[in-house]
Amino acid sequence: MVNPFHFYNSYFNSTANDAYAYYDQNIAPLPKNPDGSWDFTSGAFHNTPVDAFRHAYASAAGQYNYPNLVIEQIGYLHELFGSDPQYAAYNGNSPQPAGEMNMDLWNNHKGFQVYDNLASSLNDA
């Protein structure tokens, strides 16, 4: 059986690169290392507009690619468990503060709304 959290993390990480590329090409240049990879040490990728865009982009893309409840519910649990010290330690992370969890949930929700609006528009056409 597939672990839903491993699936979500794998999916979200691969979609994050697409979101960063879109942001870099269409919104504002993102910091890069000399080898062309994203410079995650720059501070531009965590709790910033780039982070908000990544959450919304991945959520909208997830609803497009997978059944709505699967991505929405697993995403919610991912953020909820990300605030739990045991779950975070299991994944080699520190628990995220409640405010960060709420911000991520809000940005995920905005991505679901974007998808719903686009899907509705296409159905009306």
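Analyst: For the classes used here, Ala, Val, Leu, Ile, Met, Phe, Trp, Tyr, Cys and Pro count as nonpolar, Asp, Glu, Lys and Arg as charged, and the others as polar. By that division, the lining of the second largest pocket has ten nonpolar, no polar and no charged residues. The model is predicted, and the protein chain has an average pLDDT of 87, with 93% of the residues at 70 or more.

The pocket has a volume of about 220 Å³. Its lining consists of Ala56, Tyr57, Ala60, Ala61, Tyr64, Val114, Tyr115, Leu118, Ala119 and Leu122. Helices H2 and H5 each supply at least two residues of this lining.

H2 covers residues 49-65, and its 17 residues should span 24 Å at 1.5 Å a residue; the end C-alpha atoms lie 24 Å apart, which agrees. Confidence in the chain is highest in H2, at a mean of 93, and lowest in helix H4 (residues 85-90), at 78. The buried residues of H2 include Ala56, Ala60 and Ala61, and these three also belong to the pocket lining.

H1 gives the largest share, six residues. By class, this lining divides into nine nonpolar, ten polar and five charged residues, whereas that of the second largest pocket has no polar and no charged residues.

Definitions and conventions: Residues are numbered from 1 along each chain as its sequence is written. This is a predicted model: local features need pLDDT of at least 70, side-chain atom pairs count only at pLDDT 80 or more; totals for chains, interfaces and linings use all residues. Side-chain values use heavy atoms; hydrogens and water are left out. Helices (H or I, at least four residues) and strands (E, at least two) are DSSP runs, numbered from the N terminus. The expected span of a helix is 1.5 Å times one less than its number of residues. Buried means under 20% relative accessible area, exposed over 50%, partly exposed in between (1.4 Å probe, protein chains only). pLDDT is the predictor's confidence in each residue, from 0 to 100. On a 1 Å grid over the protein atoms alone, a cavity is a set of points where a 1.4 Å probe fits but cannot get out, and a pocket is an open set with protein on both sides within 12 Å along at least five of seven lines; lining residues have an atom within 4 Å of a point. Grid points are joined across faces, edges and corners, and a volume is the space filled by probe spheres set on the points.
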